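The paragraphs below go through one protein chain, from its overall build to single residues. Keep the sequence and the 3D view open while reading.

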Amino acid sequence: MVTERSAILETFKRGVLAGAAGGLAEMAWVSAYAALTGGDAAVLGRGVTTASGVAALLPSAPVGLGIGIHMVLAVALGLGLAVLWRALSPRVQPSGLYAGTLAALAAVWATNFFVLLPALSPEFVHLVPLSVSLMSKLLFGLAAAEVFRRHAVAGVRARAGARA
């Protein structure tokens with residue numbers, strides 16, 4: 001019981017960290033893209049607020065609210081990835097971690113930009129080129145995979161130290 005509880009807590013921790021790392025990687029990428037192209041990254045923050053339908057909650061701070069929503073969604077995605085990785089890790093080699101995470105994030109991107117966002121907020125789809133938004137999601141995947149890899153390595157070292 002204690003072991004199962006600690007495993008769930010560890011999965012939760014990994015998911016939160018993976019989601020936060022991924023969300024921050026996306027924001028860094030979009031900010032860099034905006035800086036290099038003369039764009040305004042705040043447009044995406046406002047777009048997230050509008051697309052989520054909560055613009056009326058904080059009409060004076062749509063960018064900050066959009067960043068908050070983005071990070072909540074990022075952590076939720078990280079939690080989902082952590083649960084998936086926990087379920088698959090006994091059967092998947094660690095080398096498949098990056099490929100699997102990138103494939104999952106590419107699927108999330110495709111679902112977002114070709115199914116959900118066109119229905120919820122068609123204008124959001126065109127705020128940045130699709131290639132830029134895809135790269136953003138893939139960078140999320142790389143950041144999340146690195147969090148999972150580091151935790152896996154730390155777990156191996158801890159188990160090796162316990163046997164010594």
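A residue counts as buried under 20% relative accessible area, as exposed over 50%, and as partly exposed in between, with a 1.4 Å probe and protein chains only. At 48% relative accessibility, Ala 103 therefore counts as partly exposed. Ala 103 is placed in helix H4.

The model is a predicted one, in which local features need pLDDT of at least 70 and side-chain atom pairs count only at pLDDT 80 or more, while totals for chains, interfaces and linings use all residues. Residues are numbered from 1 along each chain as its sequence is written, and side-chain values use heavy atoms, with hydrogens and water left out.

The protein chain has 5 helices and 0 strands. Helices (H or I, at least four residues) and strands (E, at least two) are DSSP runs, numbered from the N terminus. Read from that end, the order of elements is α-α-α-α-α. Along the principal axes, the C-alpha atoms fill a box of roughly 55 × 30 × 30 Å. The chain has 164 residues, of which 29% count as buried. A contact means heavy atoms within 4.5 Å. Of the contacts in the chain with a separation of 6 or more, 71% are between residues 24 or more positions apart.

Helix H2 covers residues 42–52 and helix H3 covers 62–88. How do the axes of H2 and H3 cross? They come within 7 Å and cross at roughly 70°; axes are lines fitted to C-alpha atoms, for helices over the stretch in contact, and angles run from 0 to 180 degrees between N-to-C directions. That makes H2 roughly perpendicular to H3, since angles of 65 to 115 degrees are given that name, whereas those under 35 count as roughly parallel, those over 145 as roughly antiparallel and the rest as oblique. On the H2 side the contact is made by Ala 42, Gly 45, Arg 46, Val 48, Thr 49 and Ser 52, and on the H3 side by Pro 62, Val 63, Leu 65, Gly 66, Ile 69 and His 70. These residues divide into 6 nonpolar, 5 polar and 1 charged. Here Ala, Val, Leu, Ile, Met, Phe, Trp, Tyr, Cys and Pro are nonpolar, Asp, Glu, Lys and Arg are charged, and the others, Gly among them, are polar.

Within H2, the buried residues are Leu 44, Gly 45, Gly 47, Val 48, Thr 49 and Ala 51. Gly 53 follows H2 and has a positive phi, near 80°.

The largest pocket holds about 840 Å³. Its 33 lining residues include Glu 26, Val 48, His 70, Phe 124 and Lys 137, which are the closest to its centre. On a 1 Å grid over the protein atoms alone, a pocket is an open set of points with protein on both sides within 12 Å along at least five of seven lines, and lining residues have an atom within 4 Å of a point. Grid points are joined across faces, edges and corners, and the volume is the space filled by probe spheres set on the points. Helices H1 (2–37), H2, H3, H4 and H5 (130–163) each supply at least two lining residues. H3 gives the most, with 8 residues. By class, the lining has 23 nonpolar, 8 polar and 2 charged residues.

Lys 137 sits in helix H5. With a relative accessibility of 11%, Lys 137 counts as buried. Beyond its neighbours within four places in sequence, Lys 137 is in contact with Glu 26, Leu 105, Val 108, Trp 109 and Asn 112.

Thr 101, in H4, counts as buried at 6% relative accessibility. Not counting residues up to four places away, Thr 101 touches Leu 81, Gly 141, Ala 144 and Ala 145. Pro 118 also belongs to H4, which spans residues 96–120, but at 35% it counts as partly exposed. With the same exclusion of residues up to four places away, Pro 118 touches Asn 112, Phe 113 and Val 125. Pro 118 and Ala 51 are 67 residues apart in sequence and 9.9 Å apart in space, C-alpha to C-alpha.

Conventions
On a 1 Å grid over the protein atoms alone, a cavity is a set of points where a 1.4 Å probe fits but cannot get out, and a pocket is an open set with protein on both sides within 12 Å along at least five of seven lines; lining residues have an atom within 4 Å of a point.
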